[in-house]
Amino acid sequence: MKTRKLGSTGLDLTELSFGAAPIGNLYRPVDRAQAMATLQAAWERGIRYFDTAPFYGQGLSERRVGDFLQDKPRDSFVLSTKVGRLLEPVTSGPLPDTGYVGALPFSITYDYSYDGILRSWEDSLQRLGLPSVDILYVHDLEPDSFDAEGYAAHLDSFSRSGIRALEELKRDGHIKAYGLGVNQVQACLDVMDRVPLDCLLMAGRHSLLDRSASARLMGLCEQSGTAMVVGGVFNSGILATGARPGATFNYHEAPPEIMARVTEMEAVAARHDVALATAALHFPLKSPVVASVLIGSAKPASLTRNFDLFAQDLPEAIWPEMEQHAIFG
C-alpha cells in the first residue's frame, strides 16, 4: 500500500489505516477471535498504521491491538494512542455508559495536565504490552466534551502544563509525534492558537459531505506544517449506505436536508459509474495535508469491502460536481 509522510515527523503512514474503536466493542460486543481476525485482515491488505485509545472499551481496544502487534517487528508498523483520560478501577457499582458494550471495569477521569499525560502514556504502554507508541493524540479536548467552564479549565491545563509532557516525550525519543484527536474544528483552532502541533486526527469534518475543516483549518495546517489523519469519512454511515431510510449522519438519523444532499451525491457517483463510498474514501487524500484515512471495522468482510472500494479509480471530473452538494461550515 502507498504511504505518505506525516508532516516533518519522519513517520510514513499507509494511505489507509486501522481505527480500533470498533474492536473495543463500540455499540456491540466483538469476541476476541473476531477482533484478531479483523486486525489480521488489515495487516494482510497492507495496513501498517494502527490507532487506538484508552477510551475504546476502557482499555479493551488497547489490549487487543497490543496483543496483535506483539510478534511484529517494532519498526514494521506505526502505532498511535491517546491521552487525556485516565482509567480508574471500578470495584463495585455500575460501569459508566460510554457506548462500549462489555467494556473493561474502569471508570474515566479527564486529566490534561503534565502528570496526567505522563501517567496516561505509561498506562497505555502497559495495556498494549509494547515498549513504545509513535504518536500521542490529546483526546476529545473540545467544547462538546464539557460545559464552558470545564472546557476552558482543561484547555488552560493542557496549554500551560500538558504540552510540556508531550514535548519532553518527543525530545527524549519516547514518541515521534503528538497532536489532537477530536471531532470539532474549533477545538483545533483553540489549541493551535496556543501551542504548535505535529498532527491532527480529525473525525468527520473533512469528508466528501462535511467540509467544515476547509474554511480555515486546512489552510492553517498548510501554513504551520501540521499534518492530518482523517477519520469518520462516511460521516457515521450515510456516505457508505447512501440516503436510505434510517441512514445516520454524525451518529444521529440524517435530517431531510442531509438526505437530499446525499441523494444528489449518489446521482453524481452513478453518472461516473463509481460507488459513493469510493468517492468518500478517496476525497480526503486529495489534500497534501492529509497523510492517511482511518477506517474502523470489527469485521474482516467489512474491512475487505472498503479495500476493494478504495482500489477503484475515480475521474477528476467527479470532484467539482460533488462539491456543489457539500456542506461548508
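Let me start with the residues around the largest cavity, which is lined by Pro54, Phe55, Lys82, Val83, Gly84, Arg85 and His139. Please keep in mind throughout that this is a predicted model. The volume of that largest cavity comes to about 30 Å³, and a search of the whole structure finds one cavity of 30 Å³ or more. If we sort its lining by class, we have three nonpolar, two polar and two charged residues.

Taken by class, the lining of the second largest pocket is made up of five nonpolar, seven polar and six charged residues.

Now to the helices. As a reminder, two packed helices are described by the angle between their axes and the distance between the axes.

The crossing in which α1 passes α10 is right-handed. On the α1 side the residues involved are Ala37, Thr38, Ala41 and Ala42, and they meet Pro300, Leu303 and Phe307 of α10. The residues of this contact between α1 and α10 comprise six nonpolar and one polar, with no charged residue.

Next come α5, residues 185-192, and α6, residues 217-224, where the axes come within 10 Å and the crossing angle is roughly 35°. Here α5 passes α6 in a left-handed crossing. From α5, Val185, Cys188, Leu189 and Met192 meet Leu217, Leu220, Cys221 and Ser224 from α6. By class, that contact of α5 with α6 has seven nonpolar residues, one polar residue and no charged ones.

The remaining pair on my list is α2, residues 60-69, with α3, residues 114-128; their axes come within 7 Å and cross at roughly 55°. With that angle, α2 and α3 are therefore oblique to each other. Which residues make the contact between them? On α2 they are Glu62, Arg63, Gly66 and Asp67, and on α3 they are Ser124, Arg127 and Leu128. Sorted by class, the contact of α2 with α3 has one nonpolar, two polar and four charged residues.

Note on methods:
Residues numbered from 1 in each chain as written. Predicted model: local features only at pLDDT ≥ 70, side-chain atom pairs only at ≥ 80, totals over all residues. Heavy atoms only, no water. Nonpolar A, V, L, I, M, F, W, Y, C, P; charged D, E, K, R; others polar. Left-handed = near helix turned anticlockwise from the far one by under 90°. Helix = DSSP H or I, 4+ residues; strand = E, 2+ residues; numbered from the N terminus. Contact = heavy atoms within 4.5 Å. Axes fitted to C-alpha atoms, helices over the stretch in contact; angles between N-to-C directions. 1 Å grid on protein atoms, 1.4 Å probe; cavity = no way out; pocket = protein on both sides within 12 Å on 5 of 7 lines; lining within 4 Å. Points joined across faces, edges and corners; volume = space filled by probe spheres on them. Parallel < 35°, antiparallel > 145°, perpendicular 65-115°, else oblique.
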